[in-house]
Amino acid sequence: MNISIISVGKLKEKYLKQGIAEYTKRLGAYAKIELIEVPDEKAPEQLSNTEMEHVKQKEGERILAKLHPDTHVIALAIEGSMKSSEELADTMDRLATYGKSKVAFVIGGSLGLSDAVLKRADEKLSFSKMTFPHQLMRLILLEQVYRAFRINRGEPYHK
């Protein structure tokens, strides 16, 4: 399985880089992992609704440019469906079984994802009703994808 994680913005925090590197290495035994960063749109702290939509649109265009037509896209969105770790494992197993070997998880910037990206998504996934920093979400997502592979293989870890 080829898994891409497409995210907005450059990761700066050393501790997050270390965690992401660790889970990327662990996942290498199960899948080909590609981490893709697209630049965030520069914007002032205070934005009007129109300016916010413009920022999301620009970031969305960068994300969409990285998606292949045959890729199954899972957008991380607060309004998405929530799944347990076992349900995510089932989703990953189902995708692999039915020939969806290219899967992309998409993490938006601080303002979220554009409507165009949400429309392109095959499904929307929410990790919580809480808001997480998008940089931290990369690490959380990688850990859950790793957990899903361990669950599907019946390997210890997920307890």
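Me: What makes the backbone nitrogen of M130 and the side chain of S128 a polar contact?

Reply: Happy to walk through it! In this predicted model, a polar atom of the S128 side chain sits 2.9 Å from the backbone nitrogen of M130. A polar contact needs a pair of N or O atoms within 3.5 Å, so a distance of 2.9 Å passes the cut-off.

Me: Where is S128 placed in the chain?

Reply: S128 belongs to the loop that runs between strand 5 (123–126) and helix 5 (134–152).

Me: Why is S128 called buried?

Reply: Its relative accessibility is 13%. Buried means under 20% relative accessible area, so S128 counts as buried.

Me: Which residues does S128 touch, leaving out those up to four places away in sequence?

Reply: Those are I78 and M82. To be called a touch, heavy atoms must come within 4.5 Å.

Me: Let's turn to L118. Is L118 buried or exposed, and how do you know?

Reply: L118 has a relative accessible area of 15%. The limit for buried is under 20%, so L118 is buried. As for its place, L118 is part of helix 4 (residues 115–120).

Me: Which residues does L118 touch, again not counting residues up to four places away in sequence?

Reply: L118 is in contact with A75, A77, E79, L113 and K124.

Me: How far apart are the C-alpha atoms of L118 and G19?

Reply: They are separated by 28 Å, and the two residues are 99 residues apart along the chain.

Me: Now for the whole chain. Why does its radius of gyration agree with a compact globule?

Reply: For 159 residues, the globule rule gives a value near 15 Å. The protein chain has 15 Å, so the two agree. Along the principal axes, its C-alpha atoms fill a box of roughly 50 × 35 × 25 Å.

Me: How many helices and strands are there, and what is their order?

Reply: The protein chain has 5 helices and 5 strands. Starting at the N terminus, they follow the order β-α-β-α-β-α-β-α-β-α.

Me: What share of the contacts between residues at least 6 apart in sequence joins residues at least 24 apart?

Reply: That share is 84% in the protein chain.

Me: And what share of the residues is buried?

Reply: Of the 159 residues, 44% are buried.

Me: How far apart are the mean positions of the positive and negative charges?

Reply: The mean positions of the 25 positive and 22 negative charges lie 4 Å apart.

Technical notes. Residues numbered from 1 in each chain as written. Predicted model: local features only at pLDDT ≥ 70, side-chain atom pairs only at ≥ 80, totals over all residues. Heavy atoms only, no water. Helix = DSSP H or I, 4+ residues; strand = E, 2+ residues; numbered from the N terminus. Rg over C-alpha atoms; globule rule 2.2 N^0.38 Å. Buried < 20%, exposed > 50% of the residue type's maximum accessible area, 1.4 Å probe, protein only. Lys, Arg positive; Asp, Glu negative; His and termini not counted. Charge placed at Lys NZ, Arg CZ, Asp CG, Glu CD. Polar contact = N/O pair within 3.5 Å; in protein donor to acceptor, adjacent residues only side chain to side chain.
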